[in-house]
Amino acid sequence: MAIVYERPKSLNGAPFTYCPGCTHGIITQQVAAAIDELGIVDDTICVGCVGCGGYIAWFMDTDAIYSLHGRAPANATGIKRMNPDKVVFTYQGDGDLASIGTAEIVQAAHRGEKITTIFVNNATYGMTGGQMAPTTLVGQKTTTSPYGRDAAHCGKPIRMCELLSTIDGAAFIQRVAVNTPGNVRKARAAIKRAFQCQIEGKGFALVEVLSACPTNWGKTPAAALDWIASDMIPYYPLGNFKDFQ
Amino acid sequence: MAKVLMKGNEAMAEAAIQAGCQAFFGYPITPQSEIPEYFARELPKRGGLFLQAESELAAMNMVMGASASGARVMTSTSGPGYCLKLETLAAMTLTRLPAVVVVVMRSGPAFGTMKAAQEDYRMNGNGGYKVVTFAPSNLQEAAEMVYEAFDIADQYRNPVVVMADGMIGQMMEGVDYDKMPPKRTALPPKTWALHGRGARAGKKPQLLFLPDGMGHYGAKHYCETQLYPEIIRNETRVEITDVEDADIVLAAYGTAARMCKNVIRELQGTVRLGMIRPKTLWPFPYEAFEQIGPKCKAIVVPEINIIGQMIDDVRIASAGRWPAHHVGDSQNDFLTPNRIRDKVLAVWEGLQ
Ligand SMILES: Cc1ncc(C[n+]2csc(CCOP(=O)(O)OP(=O)(O)O)c2C)c(N)n1
Ligand code: SF4
């Protein structure tokens with residue numbers, strides 16, 4: 001019998017700690033599969049962040065470090081500059097990257113830091129119990145926007161791909177989602193290309209992945225996937241914002 | 001090499017390069033900016049990496065990444081920037097990553113002023129960690145301390161801080177780089193350094209968060225009960241002068257201690273003065289105070305701050321045996337040898 005599907009070899013086999021129905025699991029798996037396909041597991045260094053996704057550092061069969069909240073791009077800078085021939089990637093949530101760590105991500109892109117960032121946008125702070133993030137949609141109820149996010153009070157959600165793609169040092173920027181099998185395949189291809197960008201020394205690369213947090217959205221896993229399509233994608237258009245030759 | 005005349009900040013940067021510092025990440029702030037400027041000039045010529053970060057926060061996290069990659073790495077700053085580095089410094093004591101942090105103290109709180117000060121004695125991140133903290137009193141010593149700091153950081157896998165005051169950073173003095181302390185041998189190999197698992201025997205992946213095989217509490221418990229006591233035993237440094245038959249003992253570090261030496265000379269024949277000069281602020285040399293002789297009536301603690309910070313440790317070391325008197329300021333009436341002299345004489349008269 002032929003094997004048509006198996007766990008990526010770049011995962012160490014530790015059971016994922018993500019909630020049932022959380023798409024962090026799918027994204028982590030796509031990252032590992034991309035590393036498998038590129039054959040770079042021996043040369044990759046994973047920089048985990050603070051947040052649910054930070055546990056990726058415990059799941060990868062690569063070298064890894066756990067970095068402070070928002071600072072993964074700076075940490076990865078130190079690692080990459082000392083290991084210019086290795087592949088260094090950060091895996092960050094939207095609280096981590098688009099709130100406390102905006103300076104670090106913008107400046108890593110501005111320096112054209114040759115790292116790859118996987119940015120998981122689930123429109124909330126997952127790990128701390130579903131507070132409002134800069135990516136929370138207008139009207140979306142969270143524990144710190146209990147009446148729904150009010151644009152007059154705290155602005156409209158930030159679009160990081162659009163912002164980062166204005167920076168010269170950013171060589172590859174794409175937004176994907178993992179709400180359907182087709183989108184998962186596109187996400188994998190984008191993640192692979194973001195690693196390729198680094199391997200070819202082109203500059204900073206980021207893939208934003210629209211992701212479900214059923215636990216804090218108060219939705220079933222299936223309804224959470226539907227909400228990505230009905231509410232998130234219209235505000236956060238999928239597609240490539242910047243590519244390299 | 002004979003003595004070279006250098007500015008303190010440059011002397012410390014040069015010492016770091018001679019100690020094998022491979023990377024420096026920093027951010028401009030007075031009175032330490034000559035340190036990143038020196039590295040920016042010298043490191044590219046000497047095979048190292050200089051990178052100006054977007055903030056002290058980012059600089060320290062770059063330091064953490066470079067250290068995790070096995071490099072000898074340094075950053076420097078002053079009080080407002082040191083605050084921003086503390087979360088990462090604390091993280092590095094947990095993950096056990098070596099690095100050297102030079103703090104050239106200025107007057108606070110926060111932006112404060114550019115004036116030299118000794119106001120960051122108590123500045124610490126969260127979680128009760130400890131780091132060896134050197135306090136140089138002249139430029140030769142500043143260079144030697146920075147040089148040795150790299151070995152100490154590697155030996156214990158723990159960051160080392162060099163707390164210089166703004167005077168040490170800004171003044172010029174001769175420094176002899178032939179007189180650097182001996183290199184420590186048998187430093188533990190950095191088997192944990194991140195270069196991809198392919199670089200490691202058996203391709204074993206390395207996760208850097210806690211030392212291998214330890215849980216969070218275990219790692220903390222090990223540091224507090226074993227590592228820190230070992231550092232206290234091995235690395236406590238102090239200069240003790242004539243305390244056995246002193247009438248009054250001066251306790252001071254850095255530039256304040258330098259001023260004390262003038263006062264001791266000036267008051268010879270008037271009052272017998274001894275001095276305890278901590279060269280490490282942590283570990284603090286509590287035991288030095290046991291050498292104080294029976295004639296001592298008081299301790300005077302000159303510091304470049306308004307009500308005293310190190311004086312608390314002096315009081316702990318004194319355990320009620322001698323009153324401790326602060327003298328100093330960092331703003332209007334800056335600490336001077338004359339102010340120390342006047343304070344000593346006032347205390348002395350009060351004792352008659
Ligand atoms: C300096 C600091 N502030 C706050 C926290 C608390 N904290 C832990 S996880 C987290 C939110 C993470 O949310 P996000 O980045 O969106 O990732 P997710 O959990 O949704 O994957 C916060 C605020 C922290 N660990 N450190
Ligand atoms: S809290 Fe949300 S983001 Fe975190 S693991 Fe659970 S579902 Fe995923």
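Which residues of α3(A) are buried? In the predicted model, the buried positions of α3(A) are A:Ala72, A:Pro73, A:Ala74, A:Asn75, A:Ala76, A:Thr77, A:Gly78, A:Ile79 and A:Lys80. Helix α3 of chain A spans residues 72–82, and because 9 of its 11 residues are buried, the helix is largely enclosed by the rest of the structure.

The interface between the two chains was examined next. Contacts link 28 residues of chain A with 34 residues of chain B. About 2,500 Å² is buried between chain A and chain B, and carbon and sulfur atoms give 61% of this area. Of the area that chain A buries against chain B, 24% is supplied by A:Asp42, A:Asp63 and A:Met82, more than by any other three residues.

Strands of a sheet pair through backbone hydrogen bonds, in either a parallel or an antiparallel sense. Between strand β5 (residues 170–177) of chain A and β7(A), the pairing is antiparallel and comprises 3 bridges. Within this pair, A:Arg175 has A:Gly239 of β7(A) as its bridge partner.

Strand β5 of chain A also contains A:Gln174. This residue counts as buried because its relative accessibility is 17%, the cut-off for burial being under 20%. When residues up to four places away in sequence are not counted, A:Gln174 touches A:Cys161, A:Ala190, A:Leu206, A:Val207, A:Glu208, A:Gly239, A:Asn240 and A:Phe241. Although A:Gln174 and A:Lys242 are separated by 68 residues in sequence, their C-alpha atoms are 6.8 Å apart in space.

In chain B, strand β11 (residues 248–251) pairs with two further strands. Strand β12 (residues 273–278) of chain B runs parallel to β11(B) and is joined to it by 4 bridges; here B:Ile248 has B:Leu273 of β12(B) as its bridge partner. A right-handed β-α-β unit is made by β11(B), helix α8 (residues 254–266) of chain B and β12(B). In a regular strand, side chains alternate between the two faces of the sheet. In β11(B), B:Ile248 and B:Leu250 point one way, B:Val249 and B:Ala251 point the other way, and all are buried.

Apart from residues up to four places away in sequence, B:Glu14 touches B:Met6, B:Tyr38, B:Arg46 and B:Tyr177.

The shell around ligand 2 consists of A:Tyr18, A:Cys19, A:Cys22, A:His24, A:Cys52, A:Asn122, A:Gly126, A:Cys213, A:Pro214, A:Thr215 and A:Asn216. By class, these residues divide into 6 nonpolar and 5 polar, with no charged residues. Helix α9 (residues 214–217) of chain A gives the most to this shell, contributing 3 residues.

Methods:
Residues are numbered from 1 along each chain as its sequence is written. Chains are lettered from A and ligands numbered from 1 in the order in which they are written. This is a predicted model: local features need pLDDT of at least 70, side-chain atom pairs count only at pLDDT 80 or more; totals for chains, interfaces and linings use all residues. Side-chain values use heavy atoms; hydrogens and water are left out. A residue is near a molecule or strand if one of its heavy atoms lies within 4 Å of it. Helices (H or I, at least four residues) and strands (E, at least two) are DSSP runs, numbered from the N terminus. Ala, Val, Leu, Ile, Met, Phe, Trp, Tyr, Cys and Pro count as nonpolar, Asp, Glu, Lys and Arg as charged, and the others, Gly among them, as polar. Two strands pair if DSSP finds at least two bridges between them. Buried means under 20% relative accessible area, exposed over 50%, partly exposed in between (1.4 Å probe, protein chains only). A crossover is right-handed if, with the strands pointing away from the viewer, the path from the first strand over the helix to the second runs clockwise. Contact means heavy atoms within 4.5 Å. Buried area is the accessible area (1.4 Å probe) that two parts lose on being put together, summed over both.
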